[in-house]
Amino acid sequence: MVEVTAHTVLSVGESDYCVVLLKEKGGPRYLPVWVRMHQAHPIALWMQKVRLGRPHTHDLFIELADKLGLKLVRVSMYDVEKGALLSRIILRKHDKEIALECRASDAIAVAVKKGVPITVAEEIIRTAGIVVRHEQVEASVTESEQQQDKLSAFRDFIESLDLDGL
């Protein structure tokens, strides 16, 4: 199993989907996890440390587990079936581990909220993961700077216009 962290949540145009990007701890790989907007919302809020006045369903689950004496240990994405990540929330009571099946979005939300590790099977990361090389990022930044330089003449012209009299 590979430990990952929730890196960012990206909206996908005007669709109802988002990508939760998981980043390999200490490694170069990312795993994109496609989820619906309403599933990504609590993840994004908790990643940004935004707290709402009313609890989400995940808060209810965490509080119930706490009240029953269950310790949230980690969440795990262990396999893929029909294009869906099979995931579990792993709890512990005394020396016994309890695994609860759940959606990947729920596993990520609970892990982010509670601050527990997220693990992904090596096979999943190897098959569906992506690697962003440092040179690619630098090239993108350089291209962006070149585009900015090309547009600077237009920006200077627009800023010099006196639009108050229009």
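The questions below go from the overall fold to single residues.

Me: What kind of model is this?
Reply: It is a predicted model.

Me: What makes up the secondary structure of the protein?
Reply: There are 5 helices and 8 strands. From the N terminus on, the elements run β-β-β-α-α-β-β-β-α-β-α-β-α. Buried residues make up 32% of the 166 residues.

Me: In which order do the strands of the open sheet lie?
Reply: The order of the 8 strands is S6-S5-S4-S7-S1-S2-S3-S8. The pairing is mixed.

Me: Why are S6 and S8 called edge strands?
Reply: Strand S6 (96-102) and strand S8 (130-131) each pair on one side only.

Me: How do you know that S4 and S7 pair?
Reply: Pairing needs at least two bridges. Strand S4 (residues 71-81) and strand S7 (residues 118-120) are joined by 3 bridges, so they qualify. The two run parallel.

Me: What makes S1 and S2 a pair?
Reply: They are joined by 7 bridges, and at least two are required, so they count as paired. They run antiparallel. Ser11 stands opposite Cys18 in S2. The two strands form a hairpin with 5 residues between them. In its turn, Gly13 has a positive phi of about 50 degrees.

Me: How do S4 and S5 pair, and over how many bridges?
Reply: They pair in the antiparallel sense over 9 bridges. The cut-off is at least two, so the pairing stands. Ser76 faces Arg88 in S5 across this pairing. S4 and S5 also form a hairpin, with 2 residues between them. Lys82 in that turn takes a positive phi of about 55 degrees.

Me: Which strands does helix H3 touch as it packs on the sheet?
Reply: Helix H3 (residues 104-114) touches strand S1 (2-11), strand S2 (17-24), strand S3 (29-36), S4, strand S5 (84-93), S6 and S7. The direction of H3 makes about 155 degrees with that of S4.

Me: Why is H3 described as largely enclosed?
Reply: Of its 11 residues, 8 are buried, so the rest of the structure largely encloses H3. The buried ones are Ala104, Ser105, Asp106, Ala107, Ile108, Ala109, Val110 and Ala111. Just after H3, Gly115 takes a positive phi of about 75 degrees.

Me: Which residues of helix H1 are buried, and what covers them?
Reply: In helix H1 (residues 37-47), the buried residues are Gln39, Ala40, Pro42, Ile43, Ala44, Leu45 and Trp46. Their cover includes S1, S2, S3, H2 and H3. Just after H1, Lys49 has a positive phi of about 65 degrees.

Me: Why is Asp59 called buried?
Reply: Buried means under 20% relative accessible area. Asp59 has 16%, so Asp59 is buried. Asp59 lies in helix H2 (residues 57-67).

Me: How do you know that Asp59 and Lys113 make a polar contact?
Reply: The cut-off is within 3.5 Å for a pair of N or O atoms. The side chains of Asp59 and Lys113 are joined at 3.1 Å, so the distance passes. Leaving out residues up to four places away in sequence, Asp59 touches Trp46 and Lys113.

Me: Where is the centre of the largest pocket, and which element gives the largest share of its lining?
Reply: Val33, Trp34, Gly83, Ala84 and Leu85 lie nearest the centre, among 18 lining residues. The elements that give two or more residues to the lining are S3, S5, H3 and helix H4 (122-128). S3 gives the largest share, with 6 residues. The pocket holds about 330 Å³ of space.

Key: Residues are numbered from 1 along each chain as its sequence is written. This is a predicted model: local features need pLDDT of at least 70, side-chain atom pairs count only at pLDDT 80 or more; totals for chains, interfaces and linings use all residues. Side-chain values use heavy atoms; hydrogens and water are left out. Helices (H or I, at least four residues) and strands (E, at least two) are DSSP runs, numbered from the N terminus. Buried means under 20% relative accessible area, exposed over 50%, partly exposed in between (1.4 Å probe, protein chains only). A polar contact is a pair of N or O atoms within 3.5 Å; within protein, one must be able to donate a hydrogen and the other to accept it, and residues adjacent in sequence count only if both atoms are side-chain atoms. Contact means heavy atoms within 4.5 Å. Axes are lines fitted to C-alpha atoms, for helices over the stretch in contact, and angles run from 0 to 180 degrees between N-to-C directions. On a 1 Å grid over the protein atoms alone, a cavity is a set of points where a 1.4 Å probe fits but cannot get out, and a pocket is an open set with protein on both sides within 12 Å along at least five of seven lines; lining residues have an atom within 4 Å of a point. Grid points are joined across faces, edges and corners, and a volume is the space filled by probe spheres set on the points.
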